[in-house]
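Dear colleague,

Please find below the sequence and structure for your review. My notes on the domains and their interfaces follow.

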Amino acid sequence: MSNDIRIKKGLSIKLKGAAENIVIKAPISPTVCIKPTDFHSVTPKMVVKEGDRVKAGDEIFFSKYLDSIRFVSPVSGTIQEIKRGDKRKILEIVVKPDASNVFKSTKLKDLDAYSSDELKSVLLKSGCWPFIKQRPYDVIADPNQSPKSIFISTFSTAPLAVDYQIALTGQENDFQVGIDVLNKLTEGSVHLGVQSDTTSFFTEVKNVEIHKVSGVHPAGNVGIQIHHIDPINAGERVWVINPEDVAILGRFFQTGKFEAQRTIALAGSGVAKPVYLKTVIGATIASLLQAEDIENAPKHRFINGDVLSGETVSVNNYIGFYNNSVSVIPEGNHYRMFGWLPFVNNNIHSMSRTSLSWLFGKREYVANTNLNGEDRALVVTGEMERVLPMDILPMQLLKECMAQNIEKMESLGIYEVAPEDFGLVDYVSTSKIEAQTIIRESLDLLLKEVG
Amino acid sequence: MNLRNTIDQIKKPFGKGQKLERFAPAINALDTFLYVPNHTTQKGAHIRDAVDLKRTMITVIIALVPALIYGIYNTGYQYFIQTGEAFTFLDALIHGSWKILPMIAVSYGVGLAIEFAFAVYRGHEVNEGYLVTGLLIPMIMPVDIPLWMVGISVAFAVFIGKEAFGGTGMNILNPALTARAFAFFAYPTYMSGNQVWVSEASAVDGISGETILGSLASGNEVSYSIFEMFMGSIPGSIAETSTLWVLVGALILIFTGVGSWRIMVGGVIGAAVVGMLFNLWGANELMSFHWINHLIVGGFAFGVVFMATDPVSAAQTTKGKWIYGILVGVFCILIRVFNPAYPEGVMLAILLMNVFAPTIDHYVVQANIKRRKNRMANVTLKTA
């Protein structure tokens, strides 16, 4: 079955430095790290100490409040450091890989022989479970609940984002097995959002409902696709998972090993050679870079993920658990004289026609991190609505979120959104509102109060 | 970057933990008019659109300039044709400038002083909204209103119209119209009648300085052609008379996306439909006044383009904007026709709709909520 969805509201921003269609193997990362902070709302409980030896796939910590969810090491080696922050919060678990690269091996039956519950417990122990996230709340799926459907978006429309078709080359079979696994976890269907004008292998995947999606960013956001295909009502759960993580899941069921391979699109005007790199989850950012990129690092911002919804990291930090791209753009900590006048500095992209940047059509922009203004009271109306292709009133929702009015948030559709869907709202806002932060905090409040 | 260094030196005592930290919003406001600051994104999206509130507000001012310049010229033009002196284009501009520039200076002086004081008092940055309000207020006043009245109206508008509600973005009424309404009710002799619309009218004998709507309300014939009404060489508030130059401003606002075209189009539709209906009825002079003329005389065009579109006091939802715009047009003509005390209806129509805008939005929001509830009800039906 195929349903076509066209997204008209939104904005695709073309930036300089998209990753070239070349996949190279990254040098082995000197250290590998799992950051519990990547798993929103998880409180880690450690099972290893500094100096312990682990195999790839060995458990290193679990979630304190949902203790069946286990987190494992992506490589074999020694636990080099457990870094803590304020109030002894665990920030990083750094593993020094050894040369042997041994895997913990799990004996598996045929997929058909598993019941849904048995399958869940295998996944939970394997370390694959954290790949599955749930909507609402955009956190790791609760294994005690069952989703009405599972959604996978096979493309991203964010600026400089990864092309999963390139990232998954050679993993097509793993992907199919992963889909078969997921099918056993839901009574509903597994939905696959596929870009409508491509002929990728995703269109030939079996046991899924394929939906052809076209249009501008955020058409590739899984939340937008859910909204148009099978919207989430209060109390319902939908699970989502990234395409490469489906392949990791599939590989685990073929080999019994947790092979945390990650293909990263290294992109942005801040890198000399934007390409795809094959590495492991938790590798250092520096291990992906050329010598000159590291030399220029102080002038640049490194982002785990895309430039709209990613997370700032230092060049010495590590790639995140979920992201398939690392974006590098120049820092914008400089002044612009009279830059507030309309129709000046047209080299900066703008959706608003108070700049002439729209005249230059499909030019690729070099965007920096300048806020291009200061935060102000909400004055301009109608701009958020232009970039949120959902039947949701973004400004009214955000105002209720700021007022922490739970009932109003629910009736205005907070359960259907994730922070990433508001990335463009952040971007276009004249008043420089931090919409993603507001949405994240409200989802956390609801998770606590409603659950 | 030498100027930059100098500014940084000047700003030092205003920094965090320094002596003059309290006054930082004031100095920052001045600094940010020279430079877009070096702030970078700390959370959320890492890149941001080039637009900011300063840019938006300055765009509105650019859109106001054609009407303002014509208003200045028309002030001189009305004066010279009444006195019968020979004059050139330049004479008219100079006469108008002498009248109007002091009003603008008073408006900005009083208004910005209050804005800065509130910013320092509340510890937030100075918002740019007053740049537009401060220019709008003189543009919608009669030319001979004393400067102290302008000052008091501005103070009333900023205190009661805006800051009392919590400042920029929170006000219910359009501040510029609040100022005009204040002057209108506090000093009626300076705000209506047939003496106030032409500069120094009292000094000239036998003047006929009535506005078109004023003479219609008192049952007189109109002596101006449609061309004059459209071009704006008629008596009226300073910058409201020229539909042509207001339209140029409207195009700038619509093209840049700063002003809501839905409100403007809605307003024109509302006024045109009601105007046509009254034309059919035709019980008095104002009713039989052709509906097209209704659109181009008085403050209708100016009000719908520059006042009704104020995003803070207008409806904020897309559908709400249509309803709000149409109702502004409808009420404008209704007040003109049915209320002989107020021959100009647009000010009161917009203020009235400002009050009702949150109600309009409420129903649009409720419709959205209801759709979501229905969807959920359908799902439970299916599974049950």
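**Domain contacts in chain A**

In chain A, 21 residues of domain 1 are in contact with 20 residues of domain 2, contact being heavy atoms within 4.5 Å. Domain 1 of chain A covers 2–26 + 100–255 and domain 2 covers 371–449; such bounds come from an automatic or database domain assignment. The centres of these two domains, taken over C-alpha atoms, are separated by 26 Å.

Please note that this is a predicted model, in which local features need pLDDT of at least 70 and side-chain atom pairs count only at pLDDT 80 or more, while totals for chains, interfaces and linings use all residues. Residues are numbered from 1 along each chain as its sequence is written, chains are lettered from A and ligands numbered from 1 in the order in which they are written, and side-chain values use heavy atoms, with hydrogens and water left out.

Between domain 1 and domain 2 of chain A, about 1,900 Å² is buried, and carbon and sulfur atoms give 63% of that area. Buried area here is the accessible area (1.4 Å probe) that two parts lose on being put together, summed over both. K9(A), Y137(A) and H227(A) supply 35% of what domain 1 of chain A buries against domain 2 of chain A, more than any other three residues.

The count between these two domains of chain A is 1 salt bridge, defined as a side-chain nitrogen of Lys or Arg within 4 Å of a carboxyl oxygen of Asp or Glu. A salt bridge joins the side chains of E420(A) and R135(A) (3.3 Å, N to O). Helix 4 (residues 222–229) of chain A gives the most to the side of domain 1 that touches domain 2, with 5 residues; helices (H or I, at least four residues) and strands (E, at least two) are DSSP runs, numbered from the N terminus.

**Confidence in chain A**

The mean pLDDT of chain A is 92, and 99% of its residues reach 70 or more; pLDDT is the predictor's confidence in each residue, from 0 to 100. Within chain A, confidence is lowest in strand 1 (residues 2–7), at a mean of 79, and highest in strand 15 (residues 238–240), at 96.

**Chain A against chain B**

Across this interface, 78 residues of chain A are in contact with 54 residues of chain B. The area buried between the two chains is about 6,000 Å², with 57% given by carbon and sulfur atoms. Y335(A), W340(A) and R376(A) supply 15% of the area that chain A buries against chain B, more than any other three residues.

The rule finds 5 salt bridges across the interface of chain A and chain B. R376(A) also meets E128(B) in a salt bridge between their side chains (2.8 Å, N to O). Helix 9 of chain A gives the most to the side of chain A that touches chain B, with 4 residues.

**Domains of chain B**

Chain B is assigned domain 1 (2–32), domain 2 (53–201 + 226–242) and domain 3 (260–384). The centres of domain 2 and domain 3 of chain B, over C-alpha atoms, are separated by 24 Å. Here 26 residues of domain 2 of chain B are in contact with 19 residues of domain 3 of chain B.

About 1,900 Å² is buried between domain 2 and domain 3 of chain B, of which carbon and sulfur atoms give 77%. L177(B), M229(B) and E240(B) lose the most area on the domain 2 side, together 28% of what that side buries. The count between these two domains of chain B is 0 salt bridges.

Yours sincerely
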